[in-house]
Amino acid sequence: MGSDFIRKYFIDDIDNEGGVMEKQLKLKNGMTVIIREMTGEDAEASLRFFQSLEEEDKRYLRMDVGNQDAIQHRIKSMQSGQVKRLVAVMKKEIIADGALEMEARAWKKHVAEIRLIINRKYQRLGLGKLLARELYLLAVSEKVEDIVAKIMKPQTGAIKLFEKLGFKQDAVLKDYVRDIGGEKQDLVVMRCNVKKMFQELEELTELSDWQHMR
Ligand SMILES: CC(C)(COP(=O)(O)OP(=O)(O)OC[C@H]1O[C@@H](n2cnc3c(N)ncnc32)[C@H](O)[C@@H]1OP(=O)(O)O)[C@@H](O)C(=O)NCCC(=O)NCCS
């Protein structure tokens, strides 16, 4: 693991006209998607993306993100470096959003939280895994050691995805959070060690779909 691994996976990075690093990747259905860092210019597209999400997918987000204030807050947290944010873009529209929230306080500086959300139309096409992989690479470059995912219990698809990526359940906090509808939900805390994760990803690459998605 380390620089060799990063070189291997960043090999097809393209520096586009705006100087933002981006990757062109293929989904399971053969469609091409661009994954790149989000920029301030994506504000309107990001708002459209969050407003277009299915109610069921929005229900378990930690706050209502479909308004201008929320988008401005996201852009600020990105610009301050507290959150690394990637978007998946198809035909100039954002179809997925992935974030790695860095912990600023000293006692948790080795930890970052991952969040993913994919437009319903593009779910189960491998995009969640692709975005997660890019976020791991960012985590490595930020010297993050552990990645944490906090998921409400009904988000069974997310729990399956993170298990598949090597996350283990650390704790279930009973009735700890409320969903957007105000209903109390158990919060599942999952965690993975970045080094271990890369080993799993290497195995996945050899075994299956990572390679042919590229
Ligand atoms: C969870 C989520 C991010 C998964 O994204 P995705 O692009 O559909 O995931 P992938 O296609 O990469 O799935 C990879 C694997 O995860 C598992 N998985 C993903 N979604 C699943 C679902 N709904 N049910 C069961 N397993 C699921 C499967 O094992 C899948 O592999 P397979 O399709 O070959 O069986 C997406 O469903 C989503 O945005 N949900 C709403 C928001 C959310 O729950 N976010 C997570 C909180 S951090």
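Analyst: Gladly! Of the 20 residues around the ligand, those that come nearest are Gln123, Gly128, Gly157, Ala158 and Leu161. A residue is near a molecule if its C-beta atom, placed from the backbone, lies within 6 Å of it. The elements giving two or more residues to this shell are strand E6 (111-118), helix H5 (127-141), strand E7 (146-152) and helix H6 (156-164). Helices (H or I, at least four residues) and strands (E, at least two) are DSSP runs, numbered from the N terminus. As background, this is a predicted model, in which local features need pLDDT of at least 70 and side-chain atom pairs count only at pLDDT 80 or more, while totals for chains, interfaces and linings use all residues. Residues are numbered from 1 along each chain as its sequence is written.

User: Which element gives the largest share of the shell around the ligand, and how do the residues of that shell divide?

Analyst: H6 does, with five residues. By class, the shell has nine nonpolar, five polar and six charged residues. Here Ala, Val, Leu, Ile, Met, Phe, Trp, Tyr, Cys and Pro count as nonpolar, Asp, Glu, Lys and Arg as charged, and the others, Gly among them, as polar.

User: Why is H2 called oblique to H4?

Analyst: Helix H2 (residues 43-51) and helix H4 (residues 68-79) pack at about 125°, their axes 10 Å apart. That angle makes H2 oblique to H4, because angles under 35 degrees count as roughly parallel, over 145 as roughly antiparallel, 65 to 115 as roughly perpendicular and the rest as oblique. Axes are lines fitted to C-alpha atoms, for helices over the stretch in contact, and angles run from 0 to 180 degrees between N-to-C directions.

User: Which residues of H2 and H4 meet?

Analyst: Ala43, Ser46 and Leu47 in H2 meet Gln68, Ile71 and Ile75 in H4; contact requires C-beta atoms, placed from the backbone, within 7 Å. This contact has four nonpolar, two polar and no charged residues.

User: What makes E2 and E3 a pair?

Analyst: Two strands pair if DSSP finds at least two bridges between them. Strand E2 (residues 21-26) and strand E3 (residues 32-37) are joined by five bridges and run antiparallel, so they meet that definition. Glutamine 24 stands opposite isoleucine 34 in E3.

User: How do you know that E6 and E7 pair?

Analyst: Three bridges join E6 to E7, which run parallel. Valine 111 stands opposite aspartate 146 in E7.

Definitions and conventions:
Contact = placed C-beta atoms within 7 Å.
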